[in-house]
Amino acid sequence: MPDEFTNPHEDPRLRIGPIRVDPRAAIYATIIMITALTVFNEGSGEMTWSTFRRTSGVLVAPLFALAMAHAFSEALDLQIRFHRRLNKHDRRHVFVVNMQYLYPCIGPVLFALVATLFGWDAGFTTWVILISLLLALFWWGFYAGRRARLPLGRQLVFGIGYSLLGVIVLLVELWMTH
């Protein structure tokens, strides 16, 4: 097997232009957005600027809190591990690594903006975002299977498994809150 697939120090991040996305952060953030949107009562009627602000807040706020919690934890870990204060390079590293938790909300917020500009239904907008997040989980599962060099059928099984995880999260949240 080629060394690129057996090297434990291989960078697992997905490169999208200049941005490198950590699969763990993206999957974690996607599941949190599914959870937040499932308990969010967007109401009915068209997307207004008020609805857009609330929807954006529901998408961004939990991920921002997650990014800050991880940044705080990592900063403390580095200070303890290195027995020193963080320097400029350390702080930049902590910032860049933990902002990855916010990347997955960019698409849903932009979609909510488009829905607001066109006056689409708020419930429809939320469901489209939820379905796209489930499809994102499918894609991450497929990507994991691809990186593991599995046959296409197994890659699809991985994708379905990941998206089913999202559906289970959604169903449990609906069951608990409605």
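What pattern does the protein chain follow, read along the sequence? It goes α-β-β-α-α-α-α-α-α. This is a predicted model, where local features need pLDDT of at least 70 and side-chain atom pairs count only at pLDDT 80 or more, while totals for chains, interfaces and linings use all residues. Residues are numbered from 1 along each chain as its sequence is written, and side-chain values use heavy atoms, with hydrogens and water left out.

**View 1. The whole chain, with its 7 helices and 2 strands.** Helices (H or I, at least four residues) and strands (E, at least two) are DSSP runs, numbered from the N terminus. The C-alpha atoms fill a box of roughly 55 × 45 × 35 Å along the principal axes. Of the 178 residues, 37% are buried, meaning under 20% relative accessible area with a 1.4 Å probe, protein chains only.

**View 2. The largest nonpolar core, with 36 residues.** Such a core is a set of buried Ala, Val, Leu, Ile, Met, Phe, Trp, Tyr and Cys residues joined through side-chain atoms within 4.5 Å. Ile34, Leu37 and Trp140 touch the most other members. Helix 2 (23-39), helix 3 (49-82), helix 5 (106-118), helix 6 (122-147) and helix 7 (152-177) each give two or more residues, and helix 2 gives the most, with 9.

**View 3. Leu37 and its partners.** Neighbours within four places in sequence aside, Leu37 is in contact (heavy atoms within 4.5 Å) with Val58, Leu59, Thr126, Ile129, Leu130 and Leu133.

**View 4. A second, separate core of 5 residues.** Ala71, Ala75, Leu78 and Val94 are among them.

Key: Buried means under 20% relative accessible area, exposed over 50%, partly exposed in between (1.4 Å probe, protein chains only).
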